[in-house]
Amino acid sequence: MSVRQTTADVVVVDYGLGNLRSVTRGLERAGAEVSLSEDPAEFDAADGIVLPGVGAFSEGMDNAGPFREALVEQAEAGKPLFGICLGMQMLLTTSEEADHEGQGDAEGLDLIPGKNVRFSRDQTVPHMGWNELDVTREHPLVEGVDGEHAYFVHSYYAVPDDENATVATTDYGADFASIVANDAGNVFGTQFHPEKSGETGLRILRNYVDYCLDH
């Protein structure tokens with residue numbers, strides 16, 4: 001009789017951008033064994049991978065360049081990949097955000113086809129603070145969080161090509177995708193910071209750890 005694994009081994013990608021300490025602490029509270037990694041070779045042994053991120057999209061993709069191939073391979077093999085804030089945006093195909101006007105779109109990981117766009121001029125940027133999650137599609141990550149509030153800090157938001165990629169929306173003058181996932185369900189991201197979102201965020205991180213154990 002096999003004994004069910006009770007702790008998920010999660011790798012947090014250390015590519016120089018992200019609240020690594022708070023993300024690590026949140027995952028540990030959720031029951032994960034966490035390691036920070038600058039080595040894509042360490043992804044193989046992990047039950048799940050977390051891609052955190054704060055800052056500019058183009059800088060994020062530049063820094064994550066050495067990880068790109070390994071992240072895509074792991075995601076396509078079915079490993080749970082969780083992008084947080086900028087990390088979520090990096091899961092998409094492109095972003096309007098660039099370091100210089102006229103630089104053009106920066107290329108993302110293209111694991112969830114779509115584009116990141118800036119909030120319109122009549123909305124205060126960044127969107128910062130607590131806001132409500134409206135779950136629009138069933139997914140293990142959002143079990144028990146419909147109608148709860150999470151903490152946001154961002155000026156750009158995801159517009160997936162396929163509306164079914166949107167798992168939850170949030171209203172900021174207009175509805176935007178605050179949680180997205182791929183068709184297979186193993187690649188997903190939150191625009192907000194679960195590690196800063198109190199009990200709601202902890203529930204999402206626990207859901208992620210459970211998902212890693214089940215897949």
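**View 1. What is tucked away in this predicted model: 56% of the 215 residues in the protein chain are buried.** Here, buried means under 20% relative accessible area with a 1.4 Å probe, protein chains only. The chain still exposes about 10,000 Å², by the Shrake-Rupley method with a 1.4 Å probe. Carbon and sulfur atoms supply 44% of that area. As this is a predicted model, local features need pLDDT of at least 70 and side-chain atom pairs count only at pLDDT 80 or more, while totals for chains, interfaces and linings use all residues. Residues are numbered from 1 along each chain as its sequence is written, and side-chain values use heavy atoms, with hydrogens and water left out.

**View 2. The chain's build: five helices and 14 strands.** These are DSSP runs, with helices (H or I) of at least four residues and strands (E) of at least two, numbered from the N terminus. Take contacts (heavy atoms within 4.5 Å) between residues at least 6 apart in sequence: 71% of them join residues at least 24 apart. Along the principal axes, the C-alpha atoms fill a box of roughly 60 × 40 × 30 Å.

**View 3. Zooming in on the largest pocket, with its lining of 13 residues.** A pocket is an open set of points on a 1 Å grid where a 1.4 Å probe fits, with protein on both sides within 12 Å along at least five of seven lines; lining residues have an atom within 4 Å of a point. Nearest the pocket's centre lie Gly55, Cys85, Val153, His154 and Ser155. Helix H4 (86-89) and strand S10 (149-154) each supply at least two lining residues.

Notes
Buried < 20%, exposed > 50% of the residue type's maximum accessible area, 1.4 Å probe, protein only.
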